[in-house]
Structure formats: structure tokens, C-alpha cells
Number of protein chains: 2
Amino acid sequence: MTRLVIIGGSDAGISAAIRARELAPEKDVVVLAADRFPNYSICGLPFYLSGEVSDWKTLAHRKTRELERLGIGLRLDHKATRIDPATKSVTATTAGGRLRTFRYDRLIVATGAVPARPSIQGLSLPGVFFLRSMVDGFVLHHDLTTREPQSAVIMGSGYIGMEMADALTRRGLSVTVVARSSVLKTLDSSLGRLVRDELTRNKVKVVEGSPVTAIEKGRRGRLSVRMFAGDPIRADLILVATGSQPESALAARAGVTTGIQGAIRVSRTMGTNLPDAYAAGDCVETWHRLLGKNVYLPLGTTAHKQGRVAGENAAGGEAKFSGSLGTQVVKVFDLVAARTGLLDWEASEAGFSPRTAELESWDHKVYYPGATPLRVRLTADRTTRVLLGAQILGHYSAEVSKRADVIATAISSQMTVDDLVKLDLSYTPPTGAPWDPIQTCAQEWLDSAD
Amino acid sequence: MTRLVIIGGSDAGISAAIRARELAPEKDVVVLAADRFPNYSICGLPFYLSGEVSDWKTLAHRKTRELERLGIGLRLDHKATRIDPATKSVTATTAGGRLRTFRYDRLIVATGAVPARPSIQGLSLPGVFFLRSMVDGFVLHHDLTTREPQSAVIMGSGYIGMEMADALTRRGLSVTVVARSSVLKTLDSSLGRLVRDELTRNKVKVVEGSPVTAIEKGRRGRLSVRMFAGDPIRADLILVATGSQPESALAARAGVTTGIQGAIRVSRTMGTNLPDAYAAGDCVETWHRLLGKNVYLPLGTTAHKQGRVAGENAAGGEAKFSGSLGTQVVKVFDLVAARTGLLDWEASEAGFSPRTAELESWDHKVYYPGATPLRVRLTADRTTRVLLGAQILGHYSAEVSKRADVIATAISSQMTVDDLVKLDLSYTPPTGAPWDPIQTCAQEWLDSAD
């Protein structure tokens with residue numbers, strides 16, 4: 001019997017394991033999970049910490065028992081410490097400190113990512129937290145419920161920063177977000193400003209354009225955040241949410257080639273440079289459909305898809321990862337912000353000749369109760385009119401994310417702005433308009449053509 | 001100066017007028033509107049009648065003044081009675097009974113549709129209503145607010161029937177829906193049943209499979225509905241909502257060729273057989289993208305698009321109608337049901353070899369508050385795996401309509417089921433799952449492949 005060893009029990013690792021077992025039920029599939037929480041939805045941690053999810057166990061995509069029933073050999077608390085490509089084996093340390101070695105025929109590295117650590121002093125002080133794994137979540141939850149901090153500073157204003165500003169506010173903390181430049185830089189500034197307004201409307205203080213220079217111990221167990229400019233901010237708790245970086249050191253030590261931001265270099269079959277070794281998820285470079293090259297763009301959706309491809313190929317298949325458009329969405333208080341494809345400046349940098357139209361409209365016919373404002377930004381190439389990207393922002397009830405998905409689908413098939421206008425989309429007054437706002441924005445793009 | 005005359009002031013007519021003025025500001029554009037309510041959202045009438053929309057004036061897509069500011073010559077209360085292609089003129093009767101004649105260089109017929117009248121007795125009795133135009137809405141509203149009927153029978157269980165069952169229930173009437181066969185036949189029966197359950201959960205009585213044979217006068221001003229089987233149902237009010245038929249008689253008398261169900265035959269440029277005469281909206285045949293032929297499929301979204309094409313071409317352009325996929329959505333109490341493309345049996349009839357997968361899932365991660373069940377049915381060709389259609393049903397909060405739009409977009413670019421699985425769609429726990437339910441349904445379709 002041949003054996004597939006998978007290092008990592010999160011989205012990419014488990015997707016790979018499930019797919020391999022589906023296609024090759026005769027294969028021995030072993031998953032080495034560094035903790036006791038394989039296949040958990042770590043994207044759900046902010047909602048556990050906010051109190052919206054009361055039982056953390058519900059964050060499991062699947063229960064351990066279900067995975068075992070699929071014939072997946074889970075080895076929990078097995079921290080992989082060495083890959084030996086010569087003997088085709090992986091060594092792991094168990095919770096008890098024992099070393100165990102697993103021979104493999106095929107290997108999948110799905111070690112994920114770790115929080116980026118800004119180069120400032122004070123990151124190890126008590127009261128300073130990171131959030132990436134289930135264990136990180138438990139540690140923070142324990143602090144919130146036992147020490148009962150009253151105030152928090154969140155360093156970073158990306159997706160996790162935004163969700164945690166929401167979550168800690170819901171918990172009753174007084175929250176300040178410190179953004180290196182401006183809030184939610186993954187959106188253009190006209191939409192980023194609306195997210196910032198949503199934060200301030202919910203009593204979150206926002207400090208933009210002043211990077212943190214140090215975290216220091218303050219009086220009475222409090223912490224103090226020094227910034228490049230302005231008075232230090234005192235808080236009981238600091239969450240560092242300044243991005244993530246690939247956990248690729250283990251693979252690199254075994255001779256696996258790494259590239260962008262240290263991520264593992266993979267082909268579109270998710271193969272690495274080592275024979276019979278694949279990699280997937282937040283530890284790898286990701287093929288970008290529009291850019292036609294690899295980037296570092298760690299997202300849960302991508303991890304699932306890459307894991308599935310790696311699992312299929314490790315089981316003898318010939319799958320190919322179709323690539324990412326960087327489609328992503330975040331809920332911040334009552335707002336939802338989504339994007340897909342490229343921002344205008346990103347498209348310029350990639351050699352396109354982009355133009356962007358922006359529309360303010362309503363999510364559905366304004367005469368029907370509950371209509372809320374919807375903002376759409378649509379980017380396309382001036383010359384070819386091919387769609388390049390979109391950003392949509394609106395109320396939680398405004399079907400923001402699926403509207404972004406319509407455009408992601410259109411981009412995937414290289415549709416032009418004209419094609420988008422002509423799509424036969426659904427309409428009833430409670431959910432839309434005869435021309436959906438994304439189509440009206442496309443018309444505005446065309447009307448403003450040079 | 002050349003003149004474009006448009007007969008009809010609803011969606012198709014006004015879209016045509018606006019587009020023609022945009023492209024040819026030198027053109028004299030005259031719209032003959034049969035009533036005083038051009039450019040109203042007649043799709044909004046059920047919500048006015050339910051009381052959810054308190055002021056009917058808000059149903060206007062645009063105010064008359066706005067249309068006039070665009071340079072459109074509105075002639076209200078001008079009922080066109082004759083088209084003379086020989087002299088290129090249209091004769092209309094004004095509200096005062098005067099005859100007026102308008103010469104044209106180009107003509108657009110956008111006369112819409114009228115309610116289908118089933119061949120039974122009693123349709124003209126007081127208390128029996130149809131619903132199609134703003135005036136129909138006012139007449140029914142007047143009856144509801146002055147006579148204050150307590151009970152209603154709705155004949156027909158299509159979109160208008162469903163919306164009006166909801167609307168009259170909200171108003172406090174006791175409502176019975178009589179369906180010729182079963183509820184909402186535009187969906188497969190497994191989903192139609194869920195709509196029926198939503199009606200009965202809201203105290204609407206549903207009688208299926210027993211066509212109405214007559215409407216008769218009952219005692220004390222009540223009406224009595226006789227059916228093929230079962231006891232007659234007594235009610236204070238009867239709404240006949242058994243579909244619509246094209247209003248094409250005026251055009252036909254002038255020599256315009258008609259076809260399916262009497263609808264005006266048009267090319268994809270919206271031209272008719274008469275020189276310089278176009279037609280658009282609910283009075284015409286509609287090109288179906290998947291079937292590759294004309295059908296009769298009157299929808300507001302299509303009327304807007306066809307009107308735009310007709311207006312562009314009447315102004316000297318060369319636009320082509322891209323066709324319909326029959327994408328449509330309806331809200332019934334708390335449920336939303338959407339479809340796009342073909343049902344399984346429709347696809348079979350059209351020569352495809354369809355297979356359909358059905359999935360019951362959640363609209364978003366079940367651990368996040370507010371998750372509701374979502375049903376997805378996906379139809380694709382067994383041989384080519386090309387997507388043919390989808391039906392989605394879920395709670396009003398479940399982003400049902402835009403999920404159908406994602407599939408409409410995928411169908412428009414001839415995507416396969418495999419392509420749908422690979423799409424990079426958005427995910428955050430409050431709005432979806434790492435694989436959106438439409439992708440999970442696509443996976444199930446593939447897993448059940450023969």
C-alpha cells in the first residue's frame with residue numbers, strides 16, 4: 001500500500017486528504033496536524049471572540065470522527081520538524097516530546113501561514129496577542145474572559161483588523177485601530193473611507209497614517225502604543241494584525257524552492273521542485289488568473305481549491321489549479337465590502353490600461369422597504385474593454401458578496417464591459433433593479449469612454 | 001428633423017426613447033402612452049397593494065419631468081389605434097376622444113401585454129380583477145380600501161399569483177390560491193412544494209390540480225368559484241392571474257408578422273417585417289440564448305434590454321439583442337425563488353441530455369447567526385457538461401437572486417460544471433462558505449456522473 005503524508009490539518013491539508021481518499025480509496029492517507037484542531041474554520045475566530053458564536057466547537061468544518069470515517073489517518077499534536085527527501089520521510093514531534101518518522105510515497109506540504117511580526121519592540125509583552133490559529137483564539141478568549149480588558153488597540157487595518165475591531169466592540173471594549181496608512185487598503189480610498197466611517201459610527205477610534213514604533217509597559221498593568229506621530233495610546237490589550245507570512249521554513253530546509261515573500265514555489269499542478277512533493281494553501285505562491293503569474297495571496301477559498309488539486313494529483317490525477325482572482329469579502333459591523341480582480345493601480349502596474357467607473361445606487365428598488373445604498377467600482381481595460389476588477393460595498397442585506405461573484409465569473413470568462421451590460425440577470429423589486437447596479441455601473445463605464 | 005415614434009410608455013418604450021435621445025440628440029422622439037403613467041415599475045404593484053409601498057408615485061422609475069428634460073416628447077393618454085406603413089404614420093385617440101396622427105421616419109412598437117383571459121364565465125362580474133397596468137392597480141386598490149373585502153381567491157400560481165397571495169394576506173384578507181396543476185410551475189416540483197409550504201405556513205389555502213370552471217354570483221354580494229372538482233369556494237374578491245398575452249393586434253392589423261402566442265416576430269436587431277419599424281418588450285418574441293430560437297417570455301429585464309436595442313437601432317445604430325436565459329426571481333413571504341436557463345425537462349425537449357443535481361445546504365456558515373437553509377438545483381448536459389440551468393430557493397436574507405445571477409453569467413459564457421467548481425468566488429462566514437453552495441451542488445453533479 002502506498003502512503004500519502006500531508007503536513008497540516010487546516011483547509012488545504014484536509015481538502016487534499018479528502019480528495020485523495022475519494023479518488024484512491026486504497027491509499028494510506030496520513031495527516032500530521034500540529035495541534036488538536038484539524039479542519040477548523042479559523043475564519044470564524046473573530047465571531048467566536050465577539051460572542052456571536054457561543055460554542056467554539058461549531059467552528060469545525062467537520063468533526064474528527066467524520067474525517068476518520070473517510071479513512072483519513074489523523075495524527076494530532078504531531079508537529080513536523082523535518083522532511084527528508086532522500087529517504088522520503090517526515091519526522092514529527094508528538095505532544096509528549098517523542099519523535100516519530102513517517103515514510104511517504106507522496107507528500108503534501110500544507111503548513112499554512114503565521115502572523116507577520118512587525119519589527120518593533122514589545123511584541124512579547126503580556127497583553128499583546130496575535131490571531132491565526134485556534135490556539136491563538138483560545139488564548140485571546142481566555143484573556144478576554146478572565147482578565148476582562150476594557151480597552152484594545154488593533155495594529156493593522158486589513159480583514160482581521162476590521163473583523164476584530166467589530167468583535168471587540170461587540171464585547172464592550174473600547175477599541176482603537178492604528179492603520180499604517182489608511183483603512184482597508186485592499187479597496188480604493190473612496191470605499192476605504194466608507195469602511196472607516198462605519199468604524200467611527202460604531203465608536204471605534206481610527207488612527208491613520210502613523211505606524212506603531214513600539215509597545216511599552218504602562219502603569220497599572222496597562223500597555224502603551226507609541227506611534228511615529230501623536231501621543232501614545234494606552235490600552236489593556238493589543239492585537240497585532242499586520243498580515244501573515246508563509247510557514248515555509250520546514251520545506252525550505254528540505255530543499256523546497258521558495259519565492260515571493262518566502263512562499264513555496266509551486267506549479268499549477270501544485271507540484272514543488274522535489275519529486276513526489278506537492279504543496280498547497282497559505283504556505284505557497286498562488287497563480288493569479290489575470291496577472292498570469294504567481295503572487296502571494298493567502299485566502300481560505302484558495303487553500304481549499306489548491307488542496308483539492310494537490311490531493312487529486314497526489315492520488316495519480318492530473319488536476320490543474322485554475323488560479324485566483326483575489327476575490328474576497330469582509331463584514332465590518334453592518335457593512336460588507338467585497339472585491340475581485342485588480343484595483344486600477346494594480347492593473348496599471350501589470351501593463352493594462354485600466355479605467356474605473358464608480359456608481360452609488362441602491363441594492364434594490366428604493367420604493368420597496370429596506371433599500372440601502374450600494375457602491376460599485378468597476379475597472380476594465382480602455383482598449384479591449386475586458387473586465388479587470390470590481391469593488392462593491394453595501395449593507396449586510398445588500399447581496400454584496402454574490403454581486404462581486406457575478407463579476408468574478410464574468411472576469412473568469414474574459415467578458416467585456418459590454419458583455420456585462422447584456423447579461424440576463426434576475427430582478428424583482430425586493431432584490432434588485434431591472435438593470436442590476438453592477439450593470440448600471442458598466443453602462444456608466446461605457447458612457448464615460450474616451 | 002427626423003422623427004421616431006414609440007407606441008408604449010412602459011419599460012421597453014421608455015428605454016428605447018432614452019437610448020435614441022442619447023445617441024441621436026437631433027432626433028425628434030415622441031412616445032405615445034396609452035395612460036398617464038409612463039415609465040412606472042408595474043412589477044412594484046403587488047407591494048403597493050400589500051401596503052408595503054405607501055405612495056404609488058414612488059413606483060415611477062423616473063418622473064415625467066425627468067423624461068421631458070431628456071428631450072422625450074411624451075403624449076399621455078394617447079391610445080394608438082392605427083399604424084399606416086404606407087404613409088408612415090400612427091393615429092392615436094386622446095383622452096378627449098380626438099384623433100391625432102403622427103408621421104414617423106422610424107417606429108417602435110412597445111405595446112406590452114395584457115392579462116390572459118381564461119375561457120370561463122364570470123370574468124366581468126364586479127369583484128373580479130386583473131392586474132397588469134397601473135390603472136388595474138388603482139382599481140384594485142380602490143376596491144380593497146373602500147369595499148374592504150375579507151377574502152380572496154387568486155386564480156393562477158405564477159409570479160403575480162404568488163406575490164398577490166403574499167400581498168393580500170399582509171392586508172389581512174383570507175386568501176385561497178387555485179392552481180391549475182401545481183404551485184409555481186416555473187420551478188421543479190421539489191422546490192415548488194417548498195413555495196406551497198411557505199404559502200400554507202402563512203395561512204394561504206392552496207388548491208392544486210383543479211382548474212376553475214366558472215365564477216358565479218353568490219349570496220350577499222359574494223362570489224363563488226367553481227372548480228373541476230371539489231366544493232365551490234366563496235370569496236369577496238377574485239384576482240385572475242393566469243398569465244399574459246402579447247398586445248400585438250394594432251401591429252398585426254398594419255401587416256406586422258406575428259408568431260408564437262401571437263407575439264410580434266422580431267429579428268435580433270428588434271426589427272419587424274415592416275420597413276423602419278421595430279418592436280420590443282412584452283409584445284414581441286424573445287431570442288433565447290440556450291435554445292437558439294425565439295420564444296414568448298415576457299419579463300421586465302428583457303423589455304429594458306430589447307427597448308435599448310430598438311432605440312439604438314432606430315437612431316442609426318447596429319445593436320443586437322443578446323437574448324434571454326429566462327432568469328427570474330420572486331419573493332413569496334420570507335422565501336425567494338430564482339431560476340435561470342432551462343429546467344431538466346425543457347432541456348430534454350430542446351435536444352440536450354440533461355442531468356440535474358439537488359443540494360440542501362446553508363446560505364452561510366451555520367455557526368454564524370442567521371444561517372438559513374438553501375436549496376440549489378443545477379442542470380447540465382451529461383455529454384458536454386455545459387451548464388443548462390439552475391433553480392435556487394432560500395430565505396430573503398440568503399442572497400438567492402445573485403447566486404442565480406452567478407450561474408446565469410456562467411451559462412452565458414458556456415461554462416461547464418467543472419468551470420463552476422473552479423470559480424474564485426468570495427467567502428466570509430456571514431455570507432457563504434469556502435465552496436459556495438452552488439459550487440458544492442456542482443461537485444455533487446460531478447460526483448454523481450454516470
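Reader: In which sense do strand 4 and strand 5 of chain B pair?
Author: This is a predicted model, where local features need pLDDT of at least 70, side-chain atom pairs count only at pLDDT 80 or more, and totals for chains, interfaces and linings use all residues. Residues are numbered from 1 along each chain as its sequence is written, with chains lettered from A and ligands numbered from 1 in the order in which they are written. Strands here are DSSP runs of E, at least two residues, numbered from the N terminus, and two of them pair if DSSP finds at least two bridges between them. Strand 4 (residues 79-84) and strand 5 of chain B have 5 bridges, and the sense is antiparallel.

Reader: Which residue of the hairpin of strands 4 and 5 of chain B takes a positive phi?
Author: The hairpin has 4 residues between the strands. The phi is near 50°, and the residue is B:Lys88.

Reader: Which residue of strand 6 of chain B stands opposite B:Ala92?
Author: Strand 5 also pairs with strand 6 (residues 99-103) of chain B, antiparallel over 5 bridges. Opposite B:Ala92 stands B:Arg100.

Reader: What rotation superposes chain A on chain B?
Author: Copies are superposed by least squares on C-alpha atoms of residues with pLDDT of at least 70 in both. The shift along the axis is 0.0 Å and the RMSD 0.0 Å; the rotation is 180°. That is the relation of a two-fold axis.
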